[in-house]
Structure formats: C-alpha cells, structure tokens
Amino acid sequence: MRANLEPLDLGIQIPYHFRCPISLELMRDPVTVCTGQTYDRGSIESWVNTGNTTCPVTRAPLTDFTLIPNHTLRRLIQEWCVANRAFGVERIPTPKQPADPALVRSLLNQCSSDSAPTHLRLNSLRRLRQLARDSDYNRSLIASHNVRHILLPILFNHHGSDELKHESLALLVLFPLGESDCASLASDSDKINYLTRLLSHPSLDVRVNSAALIEIVVAGTHSPELRAQVSNVDGIHDGVVEILRSPISYPRAMKVGIKALFALCLVKQTRHRAVVAGAPAVLVDRLPDFEKCDAERALATVELLCRIPGGCAAFAGHALTVPMLVKIILKISDRATEYAAGALLSLCSESEKCQREAVTAGVLTQLLLLVQSDCTERAKRKAQLLLKLLRDSWPQDSIGNSDDFACSQVVVVPF
C-alpha cells in the first residue's frame, strides 16, 4: 500500500471519494455496508472485529454485517491508478472474493482426516494456505476453527508423510499461537529438535518456515527457562544464521531469519552460540539489504551481541562494522540510531582500534548532530557517553575546550 502512496508526495492528489473514511488511504478493496457508506475491506473488518457495531461515518447501528463489494468504485480507482502510472502510482490488483465458510470447514475436515488419501489432504492444506494468503478475513475465518489444533498433530506425527508435515508447517506459521501452545512446544525437546533438523532441509521454504515457527515459539513463551532451553539446542543458531545467507531475491528468508535470530539473542546466556555460528559477519554483510523494520531488528541484534566479549571481538574484527554503524546514525530511524550508538559504545569501550576507526569514519559530526536532534533520550545518552570516551581522540580544533559533554552531564542508563 505504501508503495502506491509514496509517489503522491510529489503533488498528486487522491480524489476524496477514493480514500477510505477510516484509514484515509487509497482503497484497494472498497466494500459497502448496510448504511450505504463505502470503506476499504481491511479497515471496516478491523473496525468490526474490535467490537464496534456502528457505522464509522454515520454512527448508525450496523444491523447487517454483510460487506458488499463496490465493483464500480474499485474499477474507477484502478483506472485512476493507471492514468497516474507516470507518477509512480501502481494499479491496485483486483481483490479476490472472501472464502466461503462452508468450504473452509470442508477443507479443514479433509486435511485432519487420517483416513483421507494423502494427496487429498495435501490439496486441502495447499488450498487453505492460498486462502489464508489472500486476505485478513480469510485468515481470521480459518483461525476461528482452531486451525492450530488441527495442524500441530499433523506436523509432529512421527508416522506421517514428510510432505504433509511440511505443508502443515507452511500453513501453521501464518497464524499466531497462544502462550500455552508456545510453552507446550518449547517444553517438548523432541518437537524443538525436529524443527531444528528442518533448518537443514534441502528446501529453503521448509527451512524458512521452520525458523518462523521457532521465532513464534520463543517470542510467545513467557518463561525465561523455556526460552533458554530452546535457544540452547545444538544447531539452532547455525540453522537460523544460514538462512540469513540466502539470496537477496528471497526477501522472506531475510525477514524471518532476522526475527528468529533476534528472538534467540534475547536469551543472554546463549548469545555466544550466535557468535560461534557466524552471526556477526552475516549481520554486517547483510545489513544494507534489510528493509527498515528488519534493519532495526538487525541493529538491535548487533547491540545485543556486542554486550558479550566474544561478540564484541567478532564485530571489531570485521572491517566494515564501525564505518557502517557510524553511517547509520540518524539515517534509518530513531530506534536504529539508538541501537547503532549502543553498539559503537560497546565496541569503543573495549577496543582502541574501534575508537580510531570511528573517528576516521566521522563519528564526531554524527554524535554532535545526534545530541541536538529529536532522537530518543537513550540514544542521546549513549552518544554523550561515546563522546566522553572518545574525547582524547578528537583533533584539537574539533571541540576545543568545550564543556558541553562534561562528565557531570552524562547519565549512565543500563542498556
């Protein structure tokens, strides 16, 4: 959606009646409710799913929750997109119709039936996965039938078909798991070991789906002991790090890989396993390839690994680490800046070589801009600590005898 709207900053005005009254964005799947108002399907479904029973515009009660596709308006929007293609506006795709609840029930019954032929069960799983990918509505519909309780037994059936297991895994990762499900999986070493073995499967799709489920389990488990138990499994870090080495042409591997690695690295006592698996070099090499939110997560992981001696040494040994961290300050986002500053502080606290590299890369200018910016207070405090640490390394004409960053002004915040 954002790809369609970014070019509009150049001066293109979206017609008022093409905007969803809820999101104020260009509608992709306009639907009309019983009051006669039209909304984007995703927005009105979210409105209703959060418990609202009135029309957002008229405030009249929604006596019927049926959503009627507004095909005429959708075609007009598509024609407008095509007419403005020269300005970078992409044509919205024709939305697919919502899944029939009866069809979903039938497919779920078929794939859960042990007596059904394997090929029919496979077809049912694939059809459900396609429906789940089509829309949030379809995912909600499928999830409402306790799909995870159908898929988990298929996935971990010792005597089941491997292909059936892999298809159930591919569908399962499209849905959230409750804390009890995550804790149950995390406490079962056989199941975690099975998922870890899948990280070495010849199929990249299987490896990525396995990493996705591992991340869901670790992130969804509240018990520190269970999270540590999962992250301490032999080979789990190696498998996740290897996924991050996947070709850039497979962006989902990058997204899932960094989410899984970050979740594992939140467990302090097993971070050394990520270092041994080669995470520092991979993170530095792939950092330019991440999208914004994934770059933030990657930088957070870098900062976490810099908190242990082995991680600090590994990052310090990579020629691109310090210059890249300096360059990132104030470039991606406030969070990214905070993580980059924190990682630099750890590295420069342990290595005079890193201090020299940071000065050479122009960190002085970046830090002075940072402390005067609207960035987070934590980022500014890390910048102040770093300025104090590097003070003796500045050229004499850089900051002179300024007391702007005197020790008395620096507040040490745990990070």
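This is a predicted model: local features need pLDDT of at least 70, side-chain atom pairs count only at pLDDT 80 or more; totals for chains, interfaces and linings use all residues.

Reader: How do the residues of the lining of the largest pocket divide?

Author: There are 3 nonpolar, 5 polar and 9 charged residues in that lining. Numbering runs from 1 along each chain as its sequence is written, and side-chain values use heavy atoms, without hydrogens and water.

Reader: What makes a space a pocket or a cavity?

Author: On a 1 Å grid over the protein atoms alone, a cavity is a set of points where a 1.4 Å probe fits but cannot get out, whereas a pocket is an open set with protein on both sides within 12 Å along at least five of seven lines; lining residues have an atom within 4 Å of a point. The largest pocket holds about 380 Å³. Its lining has 17 residues, with Asp29, Pro95, Asp134, Ser135 and Asp136 nearest the centre. H2 and helix H6 (136-143) are the elements giving two or more residues to that lining.

Reader: How many cavities of 30 Å³ or more are there?

Author: The count is 2. The largest has about 70 Å³, and its lining includes Asp29, Arg41, His71 and Pro95. That lining divides into 3 nonpolar, 3 polar and 4 charged residues. The second largest cavity has about 40 Å³, and its lining is 5 nonpolar, 1 polar and no charged. Helix H19 (residues 321-328) gives the largest share of it, 3 residues.

Reader: Why is the pair of Phe18 and Trp80 called edge-to-face?

Author: The whole structure has 2 aromatic pairs. In this one the ring centres of Phe18 and Trp80 are 6.2 Å apart and the planes stand at 75°. Phe18 is in the loop between helix H1 (2-5) and S1 and Trp80 in helix H3 (residues 71-83), so parts 62 residues apart in sequence are tied together.

Reader: What is the order of the strands in the open sheet?

Author: The 3 strands run S2-S1-S3, with antiparallel pairing. Strands S2 (38-40) and S3 (68-69) are the edges, each pairing on one side only.

Reader: How do you know that S1 and S3 pair?

Author: DSSP must find at least two bridges between paired strands. Strand S1 (residues 30-32) and S3 share 2 bridges, in the antiparallel sense, so they qualify. Thr32 has Ile68 in S3 as its bridge partner.

How values were computed:
Helices (H or I, at least four residues) and strands (E, at least two) are DSSP runs, numbered from the N terminus. Grid points are joined across faces, edges and corners, and a volume is the space filled by probe spheres set on the points. Ala, Val, Leu, Ile, Met, Phe, Trp, Tyr, Cys and Pro count as nonpolar, Asp, Glu, Lys and Arg as charged, and the others, Gly among them, as polar. Rings of Phe, Tyr and Trp (its six-membered ring) pair if their centres lie within 6.5 Å; planes under 30 degrees apart count as stacked, over 60 as edge-to-face and the rest as tilted.
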